[in-house]
Amino acid sequence: MSIVLVGDGALEQYSCHRFADAWRQAGRSCLVVGPSMADDQPLPHRSCDLTLDPKELLGSTVLEHATAIGLFLRNPADIEAFTAGYRALRRSRGLWTAPIFSGPLMPLAGDELINAFLQRLSCDLMLVSGDDQLRQLRAMTSLWPAELTKPQLIATGFWFPAIPPTPPSQKPLLVALLQHEIPTHLGAKEQLIRLLKRWAREQTDWTVVLQPDHPWRSAPSLDKGHAKNPPNVVEAAPEQMLGLLSRCTACLSVSSPWSLAAMMWGRIPVVVGDYGIQAEQHTTNFFGCGAMHRLRDLGGLHKLQQLPLANQGWLEAMGGCIQDGPLRLLISLDSLSSGNTAP
């Protein structure tokens, strides 16, 4: 009898392993299932207990004795298809169904948050990061008809360790988290990188690391033009992101959710506010963080150490005050298993 955790992406599998590790320490059996990852990854590589595409699960025997199923899939449409297929298969055999849980692994707000909720109406339980997301969802669904089935809600905190894996660097270090498609404006990412390189030339005592926050096949971040790259601007190696975020002096990004790790670990956050509070830039999720700055107002690397840390009240509401997320989730799953899984 195992809790089966299914993830089809690097972040998804990383979070599944974190839940599984905590539950195994509590004496519970867990199985992490997912496909192998081919591209370079920002997170440490760890193989799944069972390498299998999620679409192949329903035709296997893996779920026959599952006590709960966690679905962390990049395409939310796959979650609804999976839950419908699983329950239909179990009902056809006259078997009880295990509770199914899912959730966005990163804090969302407004339209993004309610969309994530709507995409998981087929689940028994939905995870969010913090109390702020709980309040938003309860307010947005307060007038829904009582007969409309919707998942229970639980806040489980952040998806990364509460304690940084390494101490901060003795030398000034800026980690620039580069997102895959953000900023969306044509040429904006290249312009940002050129600015960072100029800052690095002006402050040679700093090191600037360009770190993709997503899987990548090559390293397209540095300009490949004729200008020589400063020796103190480097590209991150695969699987080094968490260590870099724990060692950095400051972390700069437009809206990478991984900047929350730097905030939690006491590093200086620089959320680039040049693009405003826009849903397409995902900057709406950082409204109230107290760390949004315009690049032209910063003046260079040497002024980053004068910037404030993140708004602590905001950070705690996002999930920073929750340290027992896996235990909370386990208690909720046990409650669902005892009352809501009839065929």
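Guide: Start with a right-handed β-α-β unit, made by S8, helix H5 (residues 188-202) and S9. Right-handed means that, with the strands pointing away from the viewer, the path from the first strand over the helix to the second runs clockwise. Helices (H or I, at least four residues) and strands (E, at least two) are DSSP runs, numbered from the N terminus.

Visitor: Before we go on, what kind of model is this?
Guide: This is a predicted model: local features need pLDDT of at least 70, side-chain atom pairs count only at pLDDT 80 or more, and totals for chains, interfaces and linings use all residues. Residues are numbered from 1 along each chain as its sequence is written, and side-chain values use heavy atoms, leaving out hydrogens and water.

Visitor: OK. How many bridges pair S8 and S9?
Guide: Six, in the parallel sense; S8 covers residues 173-178. Two strands pair if DSSP finds at least two bridges between them. Leu177 has Gln211 in S9 as its bridge partner.

Visitor: Which strand do three bridges join to S9?
Guide: Strand S10 (residues 233-235), running parallel to S9. There, Val208 partners Val233 in S10.

Visitor: Is S9 mostly covered or uncovered?
Guide: Mostly covered. Five of the six residues in S9 (207-212) are buried, meaning under 20% relative accessible area with a 1.4 Å probe, protein chains only.

Visitor: New topic. What order do the strands take in the open sheet?
Guide: S3-S2-S1-S4-S5-S6-S7, seven strands with parallel pairing. The edge strands, S3 (50-51) and S7 (152-155), each pair on one side only.

Visitor: And what stands opposite Phe101?
Guide: Leu125 in S6. Two bridges join S5 (residues 100-102) to S6 (residues 125-128).

Technical notes
Buried < 20%, exposed > 50% of the residue type's maximum accessible area, 1.4 Å probe, protein only.
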